[in-house]
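Okay, thanks for coming, everyone.

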Amino acid sequence: MKFYFFHLMPYADLDQSYSEKYNSAWVTLPNSYYDPSRGHGLYNRYLDELEYADVLGFDGIGVNEHHQNAYGLMPIPGVMAGILARNTKRARIAVLGRALPLLNNPLVVAEEYAMLDTISGGRLIAGFVRGIGAEYHSSGANPAESHDRFHEAHDLILRAWTETGPFAFEGKYYHFNYVNTWPRPFQQPHPPIWIPSQGSRETIEWASHSSRRYTYLQTFSPVSALARYMAMYKEEAEKQGYQAGPEQLGWALPIYVADTDARAHREAKPHIEAFINKFLRMPPEMLLPPGYLSMASMKGIARAKGAITGGAQTIDDWIEKGMFICGSPDTVRQTLAERQKQIGFGQLLALLQFGTLPHDLTKGSMERFAREVMPRLRAA
Amino acid sequence: MPEVKESTLRVDGCAVSVKRAGQGEPMLFLHGARGASRWLPFMASLAERFDLVVPEHPGYGRSEMPEWLDDVGDLAFFYLDFIKALGLGRVHLVGNSMGGWIAAELAVRSTRDLATLTLVSAAGIHVKGVPKGDIFLWSPETTMRNVFADPKFAEAALATPLSDEEQDLQLRNALATAKLGWQPRLYDPQLRKWLHRIDVPTLLIWGDSDKVFPPAYGEAYRDLIPSARLEIFERCGHLPHVEQAEKFVRTLTGFVAEARR
């Protein structure tokens, strides 16, 4: 198993009482809740944490892209990745954005990723996402075009990386007379591509296609869903005539490690519950604009009304569903080993800072994870 | 009461579901974002006086989503072909909200087959500094409360849960509305430049309490269409044909009679 330290860079100083007045930390929460001097402190603290993960021996570090929200302060993840490309030396750098359908010119991603890959000496992992539903409200991008734009932008970027330019690109949404990207990526033919998703058959069919074989990354999902989607990927690969390797299957989730189970639970509780109930808070219309999911998925969700919009959840709800792993090093190691054995993922993205978790607790959890959890699972 | 005939017609390669009832001069009603899967009291009333044709737009309700559908301009051309295919001749064209936008786009292209034009709380233009309601961010309950001025309509609608089939149709309708109107939000920046081309008698009906397109949108349409008259309904929301059905039918019928003279 390979281990990544993944950061969302939340605005941890958010006044938690915002929810008395506003129904989400996204799109419509006034940015007067944001204080620039606190932001300065947080950004630098979070970069320290990412750089420390390199020192601790994580295989990689990950940054992320979200817009106009308190949940994650990385609207331009390339800024963070650029800093990390210089200040880290060993870890791979995974950019688990860029939300391609939000862009009018996706060639900027081909350029940005090629720059990061070159500066870091080939350590970039190139993430391609559609962004979550809220992003379509904040950017104005049309969610009904989201899938088609994603696929077209992806094809454009891949061709820009792998074909000799200049060539013309004639798509429905993007049309260029001269595609001729300078620089070209350091890794040839191109950096590894990861596809983070909350789970959909369409995405898995596409990512697992034998011409792509991209790493599929399941984010923040119950372990039952994780198992289902990982099995789906393997089946799709078999239909395509190959066997999916563990490096193609990734899982991203929050994890907290302390000396004992009781202490871990006590320390993590307020911070993971802030993550769940404050930072992730969003009405269904914001999360799922029309067209963001396929019609079949939307029908399923409409039938199960209330399933995603239920009331406040606790740390125990998330632990029970396998969406949060929390405990002593032994507990965390055993839990991961069991799940890995059952499900067969080979990339683990640990969100070791979440919600309001302060620096000292984050650092302690990172150290225990790196020293007491990772080593014995490496061979798995 | 005239019998409602439901059929599926193929126009421009797209199978569209059409309801039709009544006799007299043809009237084509173009529905709004929530579709026209139900035959409503105002339709029954209009069918007493007109040959009323109510299609579900391509992409909406039980009609197919055609490959060629990208924007409201496509639907304007589609309905020009639809009018020709059905031989509706000199038709009274009525559109509400999204349907009003389609009707306006159709009329700037050609009024040859139009007897009159009626836009009811129509989308299609933007009035700077006058925000529209964010229909895509409203919950179903908020939507109901915002589209009616009189809360008893919202209460009644909310008290009647949608069947699974109706729920699926609403998902299709929402998808089509997003496809056509997400960005620029529910308008075509080019449309206002050409509204002066509309040379048939035009009636605009607006609720004074419309939270989707406030009455300033009706006023802007009135100023942009040379022969347009604006009727503002008091204590009325975004759906005058539902909320004040009798007055709506009376106003529309009176306008048509006047235009005939």
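This is a predicted model: local features need pLDDT of at least 70, side-chain atom pairs count only at pLDDT 80 or more; totals for chains, interfaces and linings use all residues.

So, B:Asp12 sits in the loop between strand S1 (5-11) and strand S2 (14-21) of chain B. Residues are numbered from 1 along each chain as its sequence is written, chains are lettered from A and ligands numbered from 1 in the order in which they are written, and side-chain values use heavy atoms, with hydrogens and water left out.

Phi of B:Asp12 is near 50°, a positive value in a residue other than glycine. Most residues other than glycine have a negative phi, and most peptide bonds are trans. B:Asp12 is partly exposed, at 36% relative accessible area; with a 1.4 Å probe and protein chains only, buried means under 20%, exposed over 50%, and partly exposed is in between.

B:Ser97 also has a positive phi, near 60°. You'll find B:Ser97 in the loop between strand S5 (91-96) and helix H3 (98-109) of chain B. Buried or exposed, B:Ser97? It counts as buried, with 7% relative accessibility.

Staying in chain B, B:Thr116 belongs to strand S6 (residues 114-120). B:Thr116 is buried, since its relative accessible area is 2%. Leaving aside residues up to four places away in sequence, B:Thr116 touches several others, including B:Val91, B:Phe255 and B:Ala259, where contact means heavy atoms within 4.5 Å. Its side chain also makes a polar contact with the side chain of B:His92, at 2.8 Å. A polar contact is a pair of N or O atoms within 3.5 Å; within protein, one must be able to donate a hydrogen and the other to accept it, and residues adjacent in sequence count only if both atoms are side-chain atoms.

Over to chain A. Two cis peptide bonds to look at: one joins A:Gly165 and A:Pro166, with omega about -5°, and another joins A:Gln188 and A:Pro189, with omega about 0°. A:Pro166 is in the loop between helix H5 (146-162) and strand S5 (167-170), and A:Pro189 is in the loop between strand S6 (175-179) and strand S7 (193-197).

Last stop, the interface. How many residues of chain A are in contact with chain B? That's 19, against 17 residues of chain B. Together the chains bury about 1600 Å², 65% of it on carbon and sulfur atoms; that's the accessible area (1.4 Å probe) that two parts lose on being put together, summed over both. The rule finds one salt bridge across the interface, meaning a side-chain nitrogen of Lys or Arg within 4 Å of a carboxyl oxygen of Asp or Glu. B:Asp70 and A:Lys172 have side chains that meet in a salt bridge, 2.7 Å from N to O. On the side of chain A that touches chain B, helix H4 (133-139), helix H9 (284-287) and helix H10 (295-303) each supply at least two residues. The largest share, five residues, comes from H10(A).

Conventions
Helices (H or I, at least four residues) and strands (E, at least two) are DSSP runs, numbered from the N terminus.
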